Amino acid sequence: MKNMVLGILGIFIGIYTIVVSLSIYSMQTRKNELENCLSQVVKHTLETYYESGYDFLSTTTIWESDIEDEIEEEMMARLQADSKVVVEVLDMDFQMGILSVSASEIFYLPNGCEKCIKVVKTAVVDQKTQTEQCTVSYFVQGNLYKQYILRQGEVLPIPKSPDGQFLGWKNKLTGAWMN
């Protein structure tokens, strides 16, 4: 009888250990999945509104609730788990390229307890990707003759000689003649 009670007690301890291990594993898996999914969705949403050339001066206003609905819908499509996701926009400035979002996932553990995991992600657009511009101006007798706006890597064009007696183009900084 004593061995049978110890055997049953050992089985219960084993089952309890398995349930606790599954709960811990389930929470970690869901947190990783939520973090990865939220990162991808926030980045995608920011790129959609920032890089698509959205007209921010138009009369149409982008509301936080619209962005929340869009992100929540995208996350539910991407998440593998059976859970409820609540999204909250913390900060949003598409003109500057900033979007900060908080997402909470509510789910049940294998033992039946309800659990909530909250993740916050912020995406910022790297504005350094825009090429720098340089303005080159050609003057003839103090008057502006031609002006070019060059981007990084473009070749400097030498304009056609103006009418009249013209000796050539001279760099003001170095004093070198250009042909």
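Biologist: Is Ile-11 buried or exposed?
Modeller: Keep in mind that this is a predicted model. Ile-11 is exposed, because its relative accessible area is 52% and the cut-off for exposed is over 50%.
Biologist: OK, and where does Ile-11 lie?
Modeller: You'll find Ile-11 in helix 1, which covers residues 2-50.
Biologist: Which residues form the nonpolar patch on the surface?
Modeller: That patch is made by Met-1, Met-4, Val-5, Ile-8, Ile-11, Phe-12 and Ile-15. Together they have about 780 Å² of accessible area.
Biologist: Switching to charges, which residues form the negative surface patch?
Modeller: Asp-66, Asp-69, Glu-70 and Glu-73 make up that one. Glu-73 sits in helix 2, residues 64-78.
Biologist: Is Glu-73 buried or exposed?
Modeller: Exposed: Glu-73 has a relative accessible area of 63%.
Biologist: New topic: what about Leu-99, buried or exposed?
Modeller: Leu-99 is buried, since its relative accessible area is 0% and buried means under 20%. Leu-99 belongs to strand 2, residues 98-108.
Biologist: Which residues does Leu-99 touch, leaving out those up to four places away in sequence?
Modeller: Among them are Val-42, Thr-45 and Leu-46, then Ile-67 and Ile-71.
Biologist: How many residues apart are Leu-99 and Thr-122 along the chain?
Modeller: They are 23 residues apart along the chain, with 5.7 Å between their C-alpha atoms.

How values were computed:
Residues numbered from 1 in each chain as written. Predicted model: local features only at pLDDT ≥ 70, side-chain atom pairs only at ≥ 80, totals over all residues. Heavy atoms only, no water. Patch = residues over 30% accessible without salt bridge, like charges linked within 9 Å, V, L, I, M, F, W, Y side chains within 5 Å. Areas by Shrake-Rupley, 256 points an atom, 1.4 Å probe, with all protein chains shown as cover. Salt bridge = Lys/Arg side-chain N within 4 Å of Asp/Glu carboxyl O. Lys, Arg positive; Asp, Glu negative; His and termini not counted. Charge placed at Lys NZ, Arg CZ, Asp CG, Glu CD. Helix = DSSP H or I, 4+ residues; strand = E, 2+ residues; numbered from the N terminus. Buried < 20%, exposed > 50% of the residue type's maximum accessible area, 1.4 Å probe, protein only. Contact = heavy atoms within 4.5 Å.
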